[in-house]
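Dear colleague,

Please find below the structure I am handing over to you, together with its sequence. My notes on it follow directly after.

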Amino acid sequence: MASAPKASLPVFYNELIPLNSNDHGDWNARSVDKAPWVVNNHAVPLTVEEFPSAQRDFPIVFSSGERSVPLALMGLNEGVNVFFDDEGAPRDATPPYIPAYIRRYPFLLAKLDPNSENLSLCFDPTSDLIGKFDEGQKLFNDDKEPSDHTKGLLQFCEKFEEAGNRTQLFMQELEAHDLLMDGEIAINRADKPDQPFVYRGFRMVNQEKLRQLRGDQLRKWNENGLLPLIFAHLFSLDLMRTIFARQVEQGKGPQGMEAAAAATAPQA
């Protein structure tokens, strides 16, 4: 039985242990076409590099509270994901963009020594994606050296960390210019036009303050690529109504007249 997730671990992860050739020299990694770990998660962290692709499928919002992070909303209510079925398979014939945070699981770069800046490749041992299987990709070669597959996993996790650092810089720019505000969206159903469903619990860019920024600041952000990221976020917000409609279609709509998107910050 899997142990309960520790409070300090990122969303999806129940435990973390370092990958090493002594304990896992004969282990393999499976390739899967389902992601059951994402089924009950309605908000997944995004990096800024993913905004152009993610904004086609998901509303991009920012978590509430301190240290906001960008999130792709896959549902508007806690525990609701309209893009994956109960087994973690994409519902649509053409799957949506799959955020790197989902694709990274069960691996993660983590500090083993709090006094060191070195990161080690770790994994969630409660996952059934790696183990002593007959099938799958070898994690280590016969000489106990990391396989090409493991080197690729490490490179992917390293790039994710680098993208995470750039995302933090993006968020710092938004905070420095006081551009984030508490978000709220009211969605009316045709059968109850006078009783809107109200969603709160997320942050968004304040368009009024954005319009008031100096021209030289906007020009700088346009040159370094930050301004297109802001617009990708703003344009994506219209998809909240699409997500709401999918929830209703799937019988997963809210029961009360007010519900929070609960876009709190999962640890990345």
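Is Cys-122 buried or exposed? In this predicted model, Cys-122 is buried, with a relative accessible area of 2%. Cys-157 likewise counts as buried, at 3% relative accessibility. The structure holds 0 disulfides. For Cys-122, the closest cysteine sulfur is that of Cys-157, and because the two sulfurs are 9.6 Å apart, the distance is too far for a bond. A disulfide would require the pair of sulfur atoms to lie within 2.5 Å.

The structure holds 12 aromatic pairs. One of them joins Phe-12 and Tyr-105 in an edge-to-face arrangement, with 6.2 Å from centre to centre and 80° between the planes. Phe-12 is located in the segment before β1 (17–18), while Tyr-105 belongs to the loop between α3 (100–104) and β6 (107–110), so this pair ties together parts that are 93 residues apart in sequence. Phe-12 and Tyr-105 are both buried.

A further pair consists of Phe-197 and Phe-244; this one is tilted, at 5.3 Å centre to centre and 50° between the planes.

Arg-30 lies over the face of Phe-133, at 3.6 Å from the ring centre. Arg-246 lies over the face of Phe-83, in this case at 4.6 Å from the ring centre.

Finally, I come to the strands. An open sheet of 5 strands is present, in the order β3-β5-β4-β13-β10 and with antiparallel pairing. Its edge strands, β3 (43–45) and β10 (180–182), each pair on one side only. Direction ignored, neighbouring strands of the sheet are turned by 50° against each other on average. Asp-182 stands opposite Arg-203 in β13.

With kind regards

Terms used:
Residues are numbered from 1 along each chain as its sequence is written. This is a predicted model: local features need pLDDT of at least 70, side-chain atom pairs count only at pLDDT 80 or more; totals for chains, interfaces and linings use all residues. Side-chain values use heavy atoms; hydrogens and water are left out. Two strands pair if DSSP finds at least two bridges between them. Helices (H or I, at least four residues) and strands (E, at least two) are DSSP runs, numbered from the N terminus. Axes are lines fitted to C-alpha atoms, for helices over the stretch in contact, and angles run from 0 to 180 degrees between N-to-C directions. Buried means under 20% relative accessible area, exposed over 50%, partly exposed in between (1.4 Å probe, protein chains only). Rings of Phe, Tyr and Trp (its six-membered ring) pair if their centres lie within 6.5 Å; planes under 30 degrees apart count as stacked, over 60 as edge-to-face and the rest as tilted. A charge sits over a ring if NZ of Lys or CZ of Arg is within 6 Å of the ring centre and within 35 degrees of the ring normal.
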